Amino acid sequence: MDASSLSDHELQKKIGSRLLDVLIRAGFIAVLAALCYIVFAPFLTLMVWAIILAVTLYPLHRGLARRMGGREGLVATVVVIAGCVLIIAPTAVLLNSFGGSLHDLVGAVQQNTLDVPPPRESIRGWPIVGEKIYAFWSRAHADLPGLVQSMQPKIGELARKALAIVASIGVGLLQFLASFIVAGILMAYGEAGAKASRAIFARIIGPERGEPFARLSTATIRAVAQGVIGIAFVQAILVGLALLAAHVPWAGVLAAITLVLSIAQVPALIVTLPAIAYIWSSGDYGTGAAVAHTVALLVAGMADNILKPLMLG
């Protein structure tokens with residue numbers, strides 16, 4: 001074997017060895033990335049919310065830090081505590097009120113003291129569902145305990161679904177609170193985080209476009225967050241006006257609770273459905289008025305489904 005073929009053979013061996021090293025390292029990196037994703041996946045939504053909150057609230061954080069002597073950690077703690085209080089307090093008031101109303105309703109049904117007013121004859125004339133509603137309402141007026149007893153399987157299924165919905169809402173609120181806490185930690189190290197994000201963008205898409213792309217991403221996140229807050233504000237006004245028109249007690253408090261829950265992406269129906277139940281169970285409203293207020297509250301409670309595509313599209 002001559003010298004040239006020997007050198008080519010050695011070169012091929014070196015290239016193959018280096019390629020094998022690269023493939024082994026890439027395999028280890030892929031396995032490590034997969035393991036990290038498996039560990040991090042349950043917290044992915046939480047971290048995304050935390051980043052969105054941190055980017056959105058960082059201008060407020062910096063303004064407060066300038067007034068408090070540049071103490072970033074203290075300002076982040078104050079912002080997190082204030083945010084948690086604004087979320088927990090209305091939620092506690094709502095759940096306490098809802099729990100008390102539900103307890104009173106169950107007790108009245110069990111003791112046969114719940115007075116269901118008789119249906120009006122005009123309900124029979126409603127298209128398609130009039131006769132069924134009239135028959136069901138008449139039976140509830142005449143023999144509510146018997147009706148409840150006959151509907152035990154359905155009531156049990158509805159109760160399970162209601163508990164599942166309440167549990168999911170509770171998990172969502174806890175996740176939002178945890179995101180707020182993580183966002184406070186991110187804001188406390190905001191300058192270092194901003195430099196790191198700019199470096200990441202510069203590394204991925206180049207030094208010339210990295211800085212503008214980072215600014216664009218930040219502005220987009222803040223614009224969307226402000227749109228969410230604006231939608232929550234509009235929905236809270238609509239719910240408040242519907243509650244005032246229906247003369248539901250504590251309409252202002254319920255509207256404020258709607259605002260906070262809408263910002264936390266909790267459906268406003270959690271406020272409007274108990275109000276609808278109050279309208280129908282109080283006996284102070286005629287059938288037509290109750291139907292009108294019910295429609296208004298349902299529309300107001302689901303207004304975000306229309307406002308979000310229009311304002312955030």
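Modeller: Contact means that heavy atoms lie within 4.5 Å. This is a predicted model, in which local features need pLDDT of at least 70, side-chain atom pairs count only at pLDDT 80 or more, and totals for chains, interfaces and linings use all residues. Residues are numbered from 1 along each chain as its sequence is written, and side-chain values use heavy atoms, with hydrogens and water left out.

Colleague: Leaving aside neighbours within four places in sequence, which residues is Leu297 in contact with?

Modeller: Leu297 is among the residues that touch the most other members of the largest nonpolar core, a core being a set of buried Ala, Val, Leu, Ile, Met, Phe, Trp, Tyr and Cys residues joined through side-chain atoms within 4.5 Å. With neighbours within four places set aside, the contacts of Leu297 are Val239, Ala242, Leu243, Thr272, Ala275, Ile276 and Ile279.

Colleague: Which element gives the largest share of this core?

Modeller: Helices here are DSSP runs of H or I with at least four residues, strands are runs of E with at least two, and both are numbered from the N terminus. The protein chain has 12 helices and 0 strands, and the elements giving two or more residues to the core include α3 (72-110) and α8 (207-245). The largest share, 6 residues, comes from α6.

Colleague: Is Gly230 buried, partly exposed or exposed?

Modeller: Gly230 is found in helix α8. Buried means under 20% relative accessible area and exposed over 50%, with partly exposed in between (1.4 Å probe, protein chains only). Because its relative accessible area is 25%, Gly230 is partly exposed.
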